[in-house]
Amino acid sequence: MVFRKRNSLDYTLLAATMALVCWGLVMVYSASAIWAEQNMGNPLYFFKRQMISAAAGLALMAAVSRFNYNRLMDWVFPLMAATTLALVVVLFCPAVAGVKRWIRIGPLGLQPAEFAKLTAAIYLASYLDRKKSKIGSPVWGLAVPIGAVSALWFLISREPDLGTPVLMFSVTILVLFIGGSRVQYLLAAILAALPIVAYELIKYPYRRARLFNFLTPFKDARGAGYQLAQSILAVGSGGWFGKGLGASKLKLMYLPTPHTDFIFPVICEELGLLGALTMLGFFAMILVRGARIARSAPNLFGTLLACGITFTLCLQAFFNVGMSIGLLPTKGIPLPFISYGRSSLLTSLIGIGILLNISRQSAPWEPPQRH
């Protein structure tokens, strides 16, 4: 007879997450202090907010890690409905810097697109678990799941935001592949998405400019390519060991809000290549531990949910770093756990809490044999 006993938490995953959260707090303060003092009158303005978000996120992570993740299947449709409603509401909220991404509730600003990433991962895992016998069908294995999450992508694209839908589409394709969808259907979905992405790129002049700047970042280094050129120069100027914590020149008004999407160049400039590789090593640990948790999950829902969350966090980190060093076109995607952003930090830590929860239930335990 086999007894099931909860395993202990995946402490390697927990340690990597805590290291990134602490790293992010230090770098948010370093990158934002001067900007915050000149614009907000308080050098600790963003650090304090990020600290409060980290405390709330860690509390949520701890709570979720003890919650039976299988019960999320009962909440899939309420979560999808609430997320869709929030994405509709945000389109009627006042724009900030030309985009509509935040719902203001008193002093709080929630970004529904960040929560949509987690909702989509939960929906896909639940759907594929329930329809696993029909995944070979082009309707049930591709059209239905992509049709459901594409509603989220469409609403996010209206904010406007192209980076988040592209990230969610990439995660969806990977999860469907692992869930058993046929490769030819997935390739067809990718080919069908290319014209849509191309249309979105050429529709807005600033996106066309970003694409051309990505191809030739120093052609207009004082104009449209200024942001990317400064980022690449900062990454290169850090050398192996960096200029020292707090010594970045990039943050001295050479980039707007260096504590958000372009925080990776500040890390490279201050801590050098070794510091950047150390930070990326923690993301690699999350990828490896997430894959291990997915492989040993007690059911298909746990496997696919762990894959969806792990892919979301790690692909988002890859997109942000690739954007910062000129490997990918510039997009408004934060570096998980590191960039300033309360919604991003909260949802990332909730995702880690779910991974920890799956790891606690990952393997059966057999009692020692009596002799």
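Where is Ser248 found? Ser248 sits in the loop between helix 9 (226-237) and helix 10 (263-295).

## About the model

This is a predicted model, in which local features need pLDDT of at least 70, side-chain atom pairs count only at pLDDT 80 or more, and totals for chains, interfaces and linings use all residues. Residues are numbered from 1 along each chain as its sequence is written, and side-chain values use heavy atoms, with hydrogens and water left out. Helices (H or I, at least four residues) and strands (E, at least two) are DSSP runs, numbered from the N terminus.

## Ser248 and its partners

Let's stay with Ser248. Ser248 is buried, with a relative accessible area of 2%; buried means under 20% on this scale, found with a 1.4 Å probe on protein chains only. Not counting residues up to four places away in sequence, Ser248 touches Val266, Glu269 and Glu270, where contact means heavy atoms within 4.5 Å.

With Glu269 there is also a side-chain polar contact of 2.6 Å. A polar contact is a pair of N or O atoms within 3.5 Å; within protein, one must be able to donate a hydrogen and the other to accept it, and residues adjacent in sequence count only if both atoms are side-chain atoms.

Thr330 lies in the loop between helix 11 (300-324) and helix 12 (342-360). Thr330 is buried, with a relative accessible area of 12%. Leaving aside neighbours within four places in sequence, Thr330 is in contact with Arg210, Gln227, Phe262 and Met323. Thr330 and Ala209 are 121 residues apart in sequence, yet their C-alpha atoms are 9.9 Å apart in space.

Phe337 has its place in the loop between helix 11 and helix 12, and Phe337 is buried, with a relative accessible area of 2%.

Most residues other than glycine have a negative phi, and most peptide bonds are trans. Now look at Phe337: although not a glycine, Phe337 has a positive phi of about 70 degrees.

Pro160 is in the loop between helix 5 (139-157) and helix 6 (163-179).

Technical notes
Buried < 20%, exposed > 50% of the residue type's maximum accessible area, 1.4 Å probe, protein only.
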